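Student: I am new to this structure. Could you take me through it, term by term?

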Amino acid sequence: MSETTRSEFVLTRLIKAAGYSSILFIGLIFFFLLREGAPALVEIPLGSLVAARWYPIEGFFGLLPLIGGSIVVTIGATFVAVPLGLLTAIYIAEVAPRPARELLKPLVELLAGLPSVMLGFLGVVALAPYLRKLLDLPTGLAAFTGSLLLGGIAIPTVVSVAEDALDAVPRTYREAAKALGATKWQIIWRVTLPAARSGVLTAVMLGIGRVIGETMAVMMVTGNAPVVPTGLAALFRPIRTMTATIAAEMGEVAEGSVHYHALFLIGILLFLISLGINLLAASVVFRQRTRAERVLS
Amino acid sequence: MSNPDPVKVSIQHLSLAYSDGKESLRNVSLDVRSHAITVLFGPAGGGKSTLLRTINRLNDLTDVVHVSGSVRLDGEDILDPATDLISLRRRVGMVFARPVVLPMSVRQNLTYGLELAGERNPARLAELVERSLRAAALWEEVEGRLDDPAISLSGGQQQRLCLARVLALEPEVIMLDEPTSGLDPISTGKVETSLQELKHEYTLLLVPHSVQQAARTADYAAFMLEGELIEFGPGKDLFTRPQEQRTEDYIEGRFG
């Protein structure tokens, strides 16, 4: 075997190993989560898990308030991040003059890299007191505050990915529509956005994923009260998310206890939820591709 | 020609420069007559596309820093800043070098422009779809596939769809920028046949993709070189007895 073919062989194997390692890691993570979390399903009756009370010290392991808290904050944040993020992306990609565009894009990407604990701190000292006064609430640490903050955190992700997708739409599409007498807004709405559809959907999914997985910021501003959110008024009351629960309680739990296993069970749930979102995003993109491939063949 | 057709587009002393300092058109004067195919030909970078894109003001998209002279459509100066670009672009349709079908169905590609123009009557839309597809010699091939994605058509069909899309808007002038450059000879033949039919109703301005195509299709021909109009005249004269040495050299393939 000559020198080049040997190094070629080694390199190929190395790259292959790196590629497969991510699958291995995901597998290991899931296995570990299962090993630590599955016992909770045996130790705690299902009826107690699907209950409204999370008070682990006294043996209440109802997951509904945590799941509800995560859902409320995620939906709230999605309503903030998706419209604002998409509008910003459209502005940057389609409307902004070149200098503004060259300034905005890096700024937005810088924003995406900010540590969330910093934003959480801003939320605690600035946003929460302001909202408390503005809306006359007993406390500013509520689901609504968390939604606004998480929405803000997800916006740069949505903007960045959606802008790339819009930017990748060939200029010829725009020109063709323009030559047909379409106005700028008509081009954006009927041509550019549909053409960038799969990328825009990916942006939305990634934004939602970012929101669900966010821990620090949400723990700091949502008040951490494990109460099942019911009705619209729950938006303005403290809640607690699944991620915040794990972060807050993992440090003080006895290894191998029921509480410990219950926290890992929450971890499994989170894992499954992100997996679900990613699969959904992938299937949307995939469905479009297969349709295009079908008609092209 | 003893009785020439009326002038549709009159270009007088048009000069235009892009922001990168390159002058793209230099003092071009040209009368485009209706009911005829006027061909703009010459080597790449000669300003043919720029000229087309000035006539429907598509150049507003890119960075043009300097324009002088006039372009008149039926006597009306379209370089006037007050020109309604939307209605101008409906009167002056354009087909691009590479077929650009919009990400919609075949039918929607045709009705899109019409809906933008305010046409909502389904019967009228259906009628225009069929008529424009027939005029572009595409109706037989896509009759049963109107709701398929337009991207599923072959390249030649896509280009004729683009032509049909422009025809559906019932423009007065149709500009075609190398409409057959990506097509096989059979599709090219079909497009050229369509053009010969269409010239009876419209004013056609064509940038051909070869000198042969220029000679085949031109009623009038303009030879452009580096932003200047070198020679302009009836096609049968220009291709058989060019007045300018440079025109003759190009036609005979001595450069280009």
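Student: What makes A:Arg171 exposed rather than buried?

Tutor: Count the C-beta atoms around it. A:Arg171 has 11 others within 10 Å. A residue is exposed at 12 or fewer, buried at 20 or more, and partly exposed in between, with C-beta atoms placed from the backbone. So 11 makes A:Arg171 exposed.

Student: What should I know about the model and its numbering?

Tutor: The model is predicted: local features need pLDDT of at least 70, side-chain atom pairs count only at pLDDT 80 or more, and totals for chains, interfaces and linings use all residues. Residues are numbered from 1 along each chain as its sequence is written, while chains are lettered from A and ligands numbered from 1 in the order in which they are written.

Student: Where does A:Arg171 lie?

Tutor: A:Arg171 lies in helix H7 of chain A. Helices (H or I, at least four residues) and strands (E, at least two) are DSSP runs, numbered from the N terminus. A:Ala93 is 78 residues away along the chain, yet the two C-alpha atoms are separated by 11 Å.

Student: How many helices and strands does chain A have?

Tutor: Chain A has 12 helices and two strands. From the N terminus the elements run α-α-β-β-α-α-α-α-α-α-α-α-α-α. The C-alpha atoms fill a box of roughly 70 × 70 × 35 Å along the principal axes. Of the 297 residues in chain A, 39% are buried.

Student: Which residues of helix H8 of chain A are buried?

Tutor: In H8 (residues 184-195) they are A:Ile187, A:Ile188, A:Val191, A:Thr192, A:Leu193 and A:Ala195. They pack against helix H3 (64-95), H6, helix H7 (171-179) and helix H9 (197-213) of chain A.

Student: How do you know which residues belong to a nonpolar core?

Tutor: A nonpolar core is a set of buried Ala, Val, Leu, Ile, Met, Phe, Trp, Tyr and Cys residues joined through C-beta atoms within 7 Å. The largest has 130 residues, and A:Val158, A:Ala162 and B:Ala221 touch the most other members. Helix H6 (residues 143-167) of chain A gives the most to this core, with 14 residues. Apart from it lies another core of 13 residues, among them A:Ala40 and A:Met242.

Student: Which residues does A:Val158 touch?

Tutor: Leaving out residues up to four places away in sequence, its partners include A:Ala81, A:Leu86 and A:Val204. Contact means C-beta atoms, placed from the backbone, within 7 Å.

Student: Why is chain B called as compact as a globular protein of its length?

Tutor: Compare two values. The radius of gyration, taken over C-alpha atoms, is set against the globule rule: 2.2 Å times the number of residues to the power 0.38. Chain B has a radius of 18 Å, close to the 18 Å that the rule gives for 256 residues, so it is as compact as a globular protein of that length. Chain B has 10 helices and 10 strands. Of its 256 residues, 45% are buried.

Student: What makes S6 and S10 of chain B edge strands?

Tutor: The open sheet of six strands has the order S6-S7-S8-S3-S9-S10, with mixed pairing. Two strands pair if DSSP finds at least two bridges between them. S6 and strand S10 (228-234) each have a single partner strand, so one side of each is left without a neighbour in the sheet.

Student: How do you know that S3 and S9 of chain B pair?

Tutor: Four bridges join strand S3 (residues 37-41) to strand S9 (residues 220-225), and they run parallel. The pairing rule asks for at least two bridges, so S3 and S9 of chain B pair.

Student: Why is B:Val39 called buried?

Tutor: B:Val39 has 27 other C-beta atoms within 10 Å. The cut-off is 20 or more, so B:Val39 is buried. B:Val39 lies in strand S3 of chain B and stands opposite B:Ala221 in S9.

Student: What makes phi of B:Glu178 worth a look?

Tutor: Most residues other than glycine have a negative phi. Phi of B:Glu178 is near 45 degrees, a positive value in a residue other than glycine. B:Glu178 lies in the loop between strand S7 (173-177) and helix H7 (185-198) of chain B. With 19 other C-beta atoms within 10 Å, B:Glu178 is partly exposed.

Student: How many residues does each chain bring to the contact between them?

Tutor: Chain B gives 23 residues and chain A gives 19 residues.

Key
Contact = placed C-beta atoms within 7 Å.
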